[in-house]
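Try each task yourself before reading the solution.

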Amino acid sequence: MASSSNVSGNLVDELEEAFQSCIHALTKEESTTGIDKDEIKVEVDQTTLKFIDLARQMEAFFLQKRFLLSALKQDLLLKEENFDLKQEISRKDELIRKHYEKIETWKQLLSDQQNFNKPIQSMPPDMRGNLAGGAPGAPAGLMTSGGMNLPMQI
C-alpha cells in the first residue's frame, strides 16, 4: 500500500507511467526490436502487474478518503444517497412511461383489428358472401369452392 504522501501526485503519475509502459510493451513488435516473443511476454506481464498494483493502491486511497468523508460529513453521504434515489425513481418513471406507450400501441392495434372485422359482420348477408370469397347470390355463410357450396369455416 502507498503512503498518503505518495498518493498526492506521485501515485497518479506512476499509474499513468505504468499504463503507458503497458501500452508500449503491448504494441512493441519483435521484428523491429530484435527481441524474441518470450522476452516481450515477460515484459508485458511485469508492466501489467505493476499497473494493476498501482491501480489497487489508487483504489485503496479513494476508499480511505470515501470512508473519512462518510464518517466526518454524514450529511454529504445522505445527499448523495438521496440524489441516487431520485435518479432511480426518474429512470423507473421513464420505464413505466414507455410501458404505457406500448400498451396504448397494442390497444390501438387491437381496436383496429376489431374495427376491421366489425364492418364485414354488420353487412347484409348477401354482401358478406362476396367479401368472403363466395359467389354473388350465394347464401350467407357459404363459400364456393370449385362450383360447390360448402359451409365456411371460421
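**Exercise 1. Count the helices and strands in this predicted model, then give their order.**

Solution. Start with the tally: the protein has six helices and two strands. Now walk along from the N terminus, and you'll read α-α-α-α-α-α-β-β. Keep in mind that the model is predicted.

**Exercise 2. Work out what share of the residues is buried, and what share of the accessible surface belongs to carbon and sulfur atoms.**

Solution. Take burial to begin with: of the 154 residues in the protein, 12% are buried. Next comes the surface, where the accessible area totals about 12600 Å². Carbon and sulfur atoms account for 59% of that area.

**Exercise 3. Describe how H2 and H4 are arranged relative to each other.**

Solution. Begin with the axes, which come within 9 Å and cross at roughly 155°. Angles over 145 degrees count as roughly antiparallel, so H2 is roughly antiparallel to H4. For the handedness, H2 passes H4 in a left-handed crossing. Then see who does the touching: the H2 side includes Leu-11, Leu-15, Ala-18, Phe-19 and Cys-22, while Ile-40, Val-44, Thr-47, Phe-51 and Leu-54 are among the H4 residues.

**Exercise 4. Find the aromatic pairs and classify each by its geometry.**

Solution. You need two numbers per pair, because a pair of aromatic rings is described by the distance of the centres and the angle of the planes. The count comes to two aromatic pairs.

- Phe-19 and Phe-51: the centres are 5.7 Å apart with 45° between the planes, and the pair is tilted. Phe-19 belongs to helix H2 (residues 10-27) and Phe-51 to helix H4 (residues 37-72), so this pair links distant parts of the chain, 32 residues apart.
- Phe-61 and Phe-62: here the centres are 5.3 Å apart and the planes sit at 70°, so this pair is edge-to-face. The cut-off for that class is over 60 degrees.

**Exercise 5. Decide for Phe-19, Phe-51 and Phe-61: buried or partly exposed?**

Solution. Phe-19 has 43% relative accessibility, so Phe-19 is partly exposed. Phe-51 comes in at 24%, so Phe-51 is partly exposed too. Phe-61 has a relative accessible area of 18%, so Phe-61 is buried.

Terms used: Residues numbered from 1 in each chain as written. Predicted model: local features only at pLDDT ≥ 70, side-chain atom pairs only at ≥ 80, totals over all residues. Heavy atoms only, no water. Helix = DSSP H or I, 4+ residues; strand = E, 2+ residues; numbered from the N terminus. Buried < 20%, exposed > 50% of the residue type's maximum accessible area, 1.4 Å probe, protein only. Areas by Shrake-Rupley, 256 points an atom, 1.4 Å probe, with all protein chains shown as cover. Phe/Tyr/Trp six-rings, centres within 6.5 Å; stacked < 30°, edge-to-face > 60°. Axes fitted to C-alpha atoms, helices over the stretch in contact; angles between N-to-C directions. Parallel < 35°, antiparallel > 145°, perpendicular 65-115°, else oblique. Left-handed = near helix turned anticlockwise from the far one by under 90°. Contact = heavy atoms within 4.5 Å.
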